[in-house]
Each structure stands twice: as C-alpha cells, then as structure tokens.
Amino acid sequence: MLEDLTTAASAPTAWPAAYPQGYAVVDVETTGLARDDRIISAAVYRLDALGEVEDHWYTLVNPERDPGPVWIHGLTSEALEGAPLFQDIAEEFSARLDGRVLVAHNAVFDWQMIAREYARAEREAPVRQRLCTIALSKELGLPLPNHKLESLAAHFGVVQQRAHHALDDARVLAEAFRPSLRAAAAGGRRLPLQECRPLTEWRDTAAPRIGQQAGGGSSGGYGSYRPTSWRPSRKRPACPHPNPGRYEEGKRLKQGMRIAFSGDTSVERDLLEDRAIEAGLHVSTSLSRLTSLLVTNDPDAGTSKVVKARQYGTPVVDEAAFGQLLRDVEPASEQ
C-alpha cells in the first residue's frame with residue numbers, strides 16, 4: 001500500500017501526450033435515481049492536466065419537488081426552499097465544466113442527471129467526454145473489495161468526512177483520482193474516456209413540489225419518496241438466432257444471446273436496445289434463468305432484475321463494458 005502511494009504520488013516524467021488538459025471532478029446529490037429525479041446539490045473540483053486541484057465550487061439546488069431520501073443526503077425541504085433553481089446556476093456550472101473531462105464515481109449517473117437538468121433549462125452542458133473512476137480502478141487492477149467510493153478512498157488513504165455531501169464526496173474523489181491518474185500515466189495506460197451526448201429536450205412527469213410531499217409524510221419519510229421511471233413499450237422484431245446460453249467473462253457476445261437492461265443508461269435506452277438488436281442480440285424486458293447478460297450501471301441496486309440476476313447467477317456488466325462488447329459480436333451458430 002505504501003509503495004503504491006509513493007509510486008503514484010509523483011507525476012511520471014513522460015506524461016502521455018494524448019491525456020486531457022484538464023478535469024472537472026463532479027458529484028451531485030439527487031432526489032432519487034429515476035429519470036425524472038432532480039439535482040439538489042452539486043460540487044465541482046477543477047483539476048489541471050496532472051490532477052492538481054485548481055479550485056472548487058459547491059451549491060444547493062432547489063428541485064421544486066420533494067427532496068427524496070433525506071436520510072441519505074440530509075437535505076430537507078426547508079434547507080432547499082431558498083436555494084437557486086438549476087437554470088440560475090447553469091451558467092456558473094458551465095464555466096466549471098467547460099473544456100474539461102467530467103470525472104465522477106459511476107460517471108454515467110452524474111452525467112445523466114446533469115444532462116437532463118440542462119435540457120430542462122433549454123441549455124446544453126459543455127461536456128464532450130467523461131471518465132468514470134470505477135472504470136479507471138478496474139483498468140488499473142486496484143485490489144478493491146467493491147466499487148464504492150469509500151473503498152477507493154481507503155485504498156489511497158483519503159479520509160472521508162461527510163459521505164453523501166456533494167462537496168466532500170467531490171473532494172474525496174479528486175484526492176483519489178490524482179494518484180489513479182498518475183498511476184495510469186506511469187503505466188502508459190489509455191484512459192477509459194466515454195463520449196457525452198447532451199439531451200436536446202426533456203419532459204418530466206408530474207412530481208410533488210417542495211412542501212407538498214406525497215402521502216402527507218414528512219420530508220424525510222419513505223412514504224414521500226416515489227422514484228419512478230416510465231418508457232412507452234415498443235414492439236421489437238423476433239430475434240432470428242437461437243440462444244447460445246450465458247455470456248462468459250473475457251469472451252465475445254454471440255448473436256442470439258438474451259440481453260436485459262436495468263436502471264438508467266447514458267445512451268438513451270431505446271437507442272441502446274436498437275444497437276443490440278442490430279448486432280443480432282435478443283433484447284428481453286424481463287430477466288429469467290435463460291437471460292445471457294444483464295446490463296446495469298448500478299449492480300448494487302435493489303431492482304427486481306438485479307435481485308433475480310444474483311439469484312440465478314446471471315452475468316452482469318455496466319453500460320461501458322456492454323458498448324465495448326457490441327463492437328465485436330460473434331456470429332450465431334445456426335441450428
């Protein structure tokens with residue numbers, strides 16, 4: 001551990017020319033995890049090309065609705081009532097993000113929330129690439145017990161003071177990202193950068209406003225927290241290939257495999273499903289013992305598909321890994 005920290009503490013003499021020139025380490029706290037949930041606080045640590053902190057910024061955001069799981073983030077309706085709306089802080093937020101790679105822990109989630117808020121405000125986030133520190137830790141082969149931020153922080157000796165507070169989470173991530181970045185540079189590794197596609201429009205479903213919690217509960221009561229996500233059903237063509245069985249780690253996907261999705265994705269779900277179908281895969285709306293692979297960016301979630309995947313031993317990958325697998329799908333062995 002001490003050897004790892006010492007090695008990562010100083011920047012390598014030959015810095016990879018292809019690495020980004022600056023980073024924006026971001027954390028957002030939200031009213032929930034669904035598509036219509038809102039940002040209630042945001043923090044950004046700006047880092048230079050070598051991962052050194054330039055400055056930081058933090059703001060509360062009035063979500064104009066129930067704040068959701070107060071027992072997690074600690075932000076009540078009263079605390080948020082006088083906070084600025086997202087459209088009021090969008091310009092400052094943009095200044096912090098502009099020209100930088102967005103860095104976050106489970107970056108697909110933070111990017112989705114940010115992109116939706118900008119779309120609601122009829123603006124576009126000035127972000128073209130993101131870097132997930134979970135993906136980076138996998139690339140580096142860090143010996144972590146799991147992919148939680150606290151585990152990454154502990155590996156690099158970073159002390160967390162206020163978990164689920166956007167500013168402290170962003171600080172912790174910035175301090176853990178610096179040695180990760182330098183270890184990647186020292187090893188000449190390619191950073192796992194992903195494209196960020198901004199949304200051009202957005203429409204929310206109705207949600208309880210601040211001070212009007214559903215079910216008459218308090219701002220922190222579970223009865224007032226109703227994460228929902230709805231998509232219109234689409235009739236898909238039948239997959240012409242037989243199911244070859246489960247996906248095996250390290251191997252290629254094969255045409256006919258049954259793919260299920262759970263939770264939010266950075267690429268719009270319909271587009272992601274279309275790509276899977278075009279590759280010859282079978283997209284399933286449910287998960288069974290016949291499912292070949294579950295794609296989710298939150299493998300620790302308690303959704304029915306994730307729970308069933310654990311029960312059945314169904315392989316699980318995140319969206320980024322699935323995107324890589326889609327590039328080289330093995331042809332079906334027709335029967």
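Helices (H or I, at least four residues) and strands (E, at least two) are runs assigned by DSSP and numbered from the N terminus. By that rule, the chain holds eleven helices and ten strands. The model is a predicted one, in which local features need pLDDT of at least 70 and side-chain atom pairs count only at pLDDT 80 or more, while totals for chains, interfaces and linings use all residues. Residues are numbered from 1 along each chain as its sequence is written, and side-chain values use heavy atoms, with hydrogens and water left out.

**Confidence and overall make-up**

- The pLDDT, the predictor's confidence in each residue from 0 to 100, averages 85 over the chain, and 84% of the residues score at least 70.
- Residues 1-8 stay under 50 in pLDDT, and the model gives them nine contacts beyond four places in sequence; a contact means heavy atoms within 4.5 Å.
- The pLDDT is also below 50 over residues 211-233, a stretch with 42 contacts in the model beyond near neighbours in sequence.
- Where pLDDT is low, the predicted coordinates should not be read in detail.
- Of the 335 residues in the chain, 50% are buried, a word that here means under 20% relative accessible area, with exposed meaning over 50% and partly exposed in between (1.4 Å probe, protein chains only).
- Among contacts with a separation of 6 or more, 69% join residues 24 or more positions apart.

**The six-stranded sheet**

- An open sheet of six strands has the order E3-E2-E1-E4-E5-E6, with mixed pairing; two strands pair if DSSP finds at least two bridges between them.
- Strand E3 (53-60) and strand E6 (193-195) are the edge strands, each with a single partner strand, so one side of each has no neighbour in the sheet.
- From one strand to the next, the twist averages 25°.
- Strands E1 (residues 22-30) and E2 (residues 39-48) run antiparallel and are joined by nine bridges, and aspartate 27 stands opposite alanine 43 in E2.
- E1 and E4 run parallel, with three bridges between them; tyrosine 23 has valine 101 in E4 as its bridge partner.
- E4 and E5 also run parallel and are joined by three bridges, and alanine 104 has cysteine 132 in E5 as its bridge partner.
- Val101 and Val103 point one way from E4, Leu102 and Ala104 point the other way, and all are buried.

**Helices on the sheet**

- Helix H4 (residues 86-97) lies across E1, E2, E3 and strand E4 (101-104), and runs at about 170° to E3; axes are lines fitted to C-alpha atoms, for helices over the stretch in contact, and angles run from 0 to 180 degrees between N-to-C directions.
- Helix H8 (residues 166-186) lies across E1, E2, E3, E4 and strand E5 (129-132), at about 145° to E1.
- The axes of helix H6 (residues 133-140) and H8 come within 10 Å and cross at roughly 35°.
- At this contact, Thr133, Leu136 and Leu140 of H6 meet Leu173, Phe177, Ser180, Leu181, Ala183 and Ala184 of H8.

**Around cysteine 239**

- Cysteine 239 is placed in the loop between E6 and strand E7 (258-262).
- Between cysteine 239 and glutamine 255 there are 16 residues of sequence separation and 8.9 Å in space, C-alpha to C-alpha.
- Apart from neighbours within four places in sequence, cysteine 239 is in contact with Gly256, Gly280, Leu281 and His282.
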